[in-house]
Amino acid sequence: MRIFEPHVHMFSRVTDDYERMAEAGVRAVLEPAFWLGQARTTVGTFVDYFDTLLGWERHRSEQFGVWHFCTMGLNPREANDPRVNDAVMEVLPRYLEKDSVLGVGEIGLDDQTKTEEKYYAAQVELARKHDLPILVHTPHRDKKRGFERCIDILKDLAFPMARVLLDHGNEETIKITRDLGCVSGFSIYPHTKMDCERMVKIVLEHGVENMVINSAADWGVSDPLRVPKTVALLRRANVAETTIEKLVWHNPIDFFAQSGRLKKSDLEHAPGKSVLETFEGNSVLRGQDPARFETARE
Amino acid sequence: MLDSIPELCLDVAPADRAWLEEGAARAAREGSVAIASLLPALPRRIGRRALGSDVAAVGSARVDLRAWRACDGAARLLLRDADDAAILDLFKHGDMEERTMLLRAASTRPLSPATVSLLGEVQRSNVQPHYEALVCDNDLLARASGAVAGFGQAEASRLVLKAAFLGLPMHRMLGVERLANPELSRMLQDLATEREAAGRQVWPDTLAMMARAPVPGTAARALGDLEHGADDRRAAAIAALALLNREDLMPFLRERLPREPKPQLRAALKQQTGV
């Protein structure tokens with residue numbers, strides 16, 4: 001089963017993870033820009049992080065046969081920090097033009113402050129301007145109310161719901177989002193947020209229309225194989241292959257394809273292979289031995 | 001070829017071709033602000049079709065067109081009038097592909113302080129496509145060494161050493177033979193020894209590079225490889241011994257000649273030994 005993992009922070013993972021993910025069927029990852037576990041105090045550290053998502057991390061990922069995309073944004077937690085918020089907003093437009101940037105995110109609410117709302121709304125407008133979908137982080141505390149607030153703000157701004165992915169959902173929020181026309185994301189974690197077994201129940205009850213699942217793996221206790229593990233449990237629950245494929249492949253791709261920068265057909269082959277053989281007829285190696293190329297990498 | 005939009009856009013949709021024509025005009029008019037939003041879309045809109053099959057002169061540079069893709073050529077057009085500050089700004093804010101296109105385009109620009117900065121960037125980078133875009137399949141290293149402030153023999157040698165380290169053949173740096181010097185040979189030889197101890201090797205043509213400025217051990221290396229089981233290694237040894245051109249080594253070449261199974265290598269041995 002090919003998997004498009006629509007929310008994982010590979011920046012904080014090791015190469016073993018890439019290897020295991022590729023083996024488990026993960027063909028592409030989307031890495032939303034987020035906070036780094038501790039406060040950043042200057043815009044420069046954001047810029048370097050954004051550049052890593054577009055450059056080194058992408059390169060690293062493709063070495064293991066996994067396509068890498070990202071979303072860019074000022075995360076809600078640091079939106080509260082006057083040392084960085086305006087400065088990050090100033091550099092964002094340039095990044096939103098990049099080819100591998102498929103959306104604006106993670107944006108949304110965390111502590112649900114007025115300041116968070118201000119930068120959330122401003123970034124929704126940026127998404128409109130750059131014709132991109134948005135990936136919305138919803139609060140972990142007071143979630144139901146935060147979910148509703150995230151949605152209300154989008155309604156006030158008349159942002160099209162089909163271009164919204166509301167992430168970190170659970171059994172309660174699916175009732176709110178089901179009929180909105182947005183995509184609901186479920187972050188499957190070892191201990192918190194959502195687990196594989198509960199996710200199977202949600203699929204059995206609600207189906208997979210407008211639904212995506214992700215691992216949201218980062219530097220905390222998390223598991224980048226949670227999507228393939230959920231696929232295994234869905235099979236055990238006799239969910240049809242076509243339904244599972246819709247959940248982990250077609251749904252996330254169709255959502256991010258709204259950026260105009262992602263084509264399903266481009267993901268038919270894994271990256272890396274094209275580098276070792278030929279790229280659109282142009283042999284990158286030009287007479288070099290692929291085996292030698294492999295061993296030369298350090 | 002590289003300066004012609006119709007030739008760059010052979011299989012490009014008319015709308016995308018018009019977009020590039022308008023973009024090139026905007027880039028000339030508005031500079032890096034316009035280029036910053038045009039550059040990321042080039043691979044998507046203009047594509048990655050290979051541009052040629054041989055080495056061509058581009059201004060004062062020589063480039064191997066097999067390494068150039070349509071989007072690289074289009075980037076070169078957009079960057080035609082960009083100054084050093086714009087080039088460095090676009091590099092700094094570029095993603096993987098933008099940097100690759102920009103570096104390939106920069107290999108054909110007149111030498112300047114920006115050339116030196118970019119050479120420094122790829123020397124530090126671990127992203128091989130960026131190293132290759134600036135340094136391989138063109139004669140930039142050979143042209144720049146000693147010709148622009150801040151980029152002398154030592155800097156050029158470190159970049160050649162990095163190519164060997166990355167497992168790249170010397171011949172992809174056009175004119176690299178001009179950069180031969182004993183310090184470079186010593187570094188290449190040390191790398192080769194270290195690799196061999198680990199059961200790996202450097203590209204065979206690295207031996208010829210050492211033979212252009214031999215150091216203690218170079219002749220012995222070439223003589224040893226004269227008996228190597230791999231054809232490409234023996235070929236490299238014969239080429240290196242030709243460069244060393246030492247009368248005292250001729251008996252070894254003569255001794256090999258009757259036992260050499262490859263006709264092409266036998267011919268090379270005959271030519272060298274005058275048999």
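The legends below accompany close-up views of a predicted model.

**View 1. The open sheet of chain A, with eight strands in parallel pairing.**
The strands of chain A follow the order β1-β2-β3-β4-β5-β6-β7-β8 across an open sheet, and their pairing is parallel. At the edges stand β1 (3-5) and β8 (211-214) of chain A, each of which pairs on one side only. From one strand to the next the twist averages 25°. Helix α6 (residues 114-129) of chain A packs on this sheet, where it touches β4 (101-108) and β5 (134-137) of chain A, and the direction of α6 makes about 165° with that of β4(A).

**View 2. Strand β4 of chain A and the strands on either side, β3(A) and β5(A).**
Strand β4(A) is mostly covered, since eight of its eight residues are buried. Strand β3 (residues 67-72) of chain A runs parallel to β4(A) and is joined to it by three bridges, and within this pairing Thr71(A) has Gly103(A) of β4(A) as its bridge partner. Towards β5(A), the pairing of β4(A) is again in the parallel sense and extends over four bridges; here Ile107(A) has Val136(A) of β5(A) as its bridge partner.

**View 3. The edge of the sheet at β8 of chain A.**
Strand β7 (residues 183-187) of chain A and β8(A) run parallel and are joined by four bridges. One residue pair to locate in this view is Ser184(A) with its bridge partner in β8(A), Met211(A).

**View 4. Arg236(A) in helix α10 of chain A.**
Arg236(A) is found in helix α10, which covers residues 226-236 of chain A. Because Arg236(A) has 9 C-beta neighbours inside 10 Å, it counts as exposed. Val200(A) lies 36 residues from Arg236(A) in sequence, while the separation of the two in space is 9.7 Å, C-alpha to C-alpha.

**View 5. Chain B, with 17 helices and two strands.**
As a setting for the views that follow, the C-alpha trace of chain B spans about 65 × 40 × 35 Å along its principal axes. Chain B has 275 residues, of which 45% count as buried. Among the contacts in chain B with a separation of 6 or more, 65% are accounted for by residues 24 or more positions apart.

**View 6. The buried helix α5 of chain B and its neighbours.**
Helix α5(B) is largely enclosed by the rest of the structure, because nine of its nine residues are buried. The buried residues include the charged pair Asp72(B) and Arg76(B), together with Cys71(B), Gly73(B) and Leu77(B), among others. The buried residues of α5(B) pack against α1 (5-8), α2 (14-30), α3 (32-38), α4 (42-46) and α7 of chain B.

**View 7. The packing of α5(B) on α7(B).**
Helix α5 (residues 70-78) of chain B packs with helix α7 (residues 96-106) of chain B at an angle of about 65°, and their axes are 8 Å apart. The two helices are therefore roughly perpendicular to each other, and α5(B) passes α7(B) in a right-handed crossing. On the side of α5(B) the contact is made by Cys71(B), Asp72(B), Ala75(B) and Arg76(B), and on the side of α7(B) by Met101(B), Leu102(B), Arg104(B) and Ala105(B). By class, the residues of this contact divide into five nonpolar, no polar and three charged.

**View 8. Helix α15 of chain B against α14(B).**
Helix α14 (residues 218-225) and helix α15 (residues 231-244) of chain B pack at an angle of about 140°, with their axes 8 Å apart. That angle makes α14(B) oblique to α15(B), and α14(B) passes α15(B) in a left-handed crossing. From α14(B), the residues Ala219(B), Ala222(B) and Asp225(B) meet residues of α15(B) that include Arg233(B), Ala237(B) and Leu244(B). This contact has seven nonpolar, no polar and three charged residues.

**View 9. Helix α15 of chain B against α17(B).**
With helix α17 (residues 263-273) of chain B, α15(B) packs at an angle of about 15°, and the axes are 10 Å apart. The two helices are thus roughly parallel, and α15(B) passes α17(B) in a left-handed crossing. Arg234(B), Ala235(B), Ile238(B), Leu241(B) and Ala242(B) in α15(B) meet Leu265(B), Ala268(B), Leu269(B) and Gln272(B) in α17(B). The residues of this contact comprise seven nonpolar, one polar and one charged.

Notes:
Residues are numbered from 1 along each chain as its sequence is written. Chains are lettered from A and ligands numbered from 1 in the order in which they are written. This is a predicted model: local features need pLDDT of at least 70, side-chain atom pairs count only at pLDDT 80 or more; totals for chains, interfaces and linings use all residues. Two strands pair if DSSP finds at least two bridges between them. Axes are lines fitted to C-alpha atoms, for helices over the stretch in contact, and angles run from 0 to 180 degrees between N-to-C directions. Two residues are in contact if their C-beta atoms, placed from the backbone, lie within 7 Å. A residue is buried if 20 or more other C-beta atoms lie within 10 Å of its own, exposed if 12 or fewer, and partly exposed in between; C-beta atoms are placed from the backbone. Angles under 35 degrees count as roughly parallel, over 145 as roughly antiparallel, 65 to 115 as roughly perpendicular and the rest as oblique. A crossing is left-handed if the near helix is turned anticlockwise from the far one by less than a right angle, and right-handed if clockwise.
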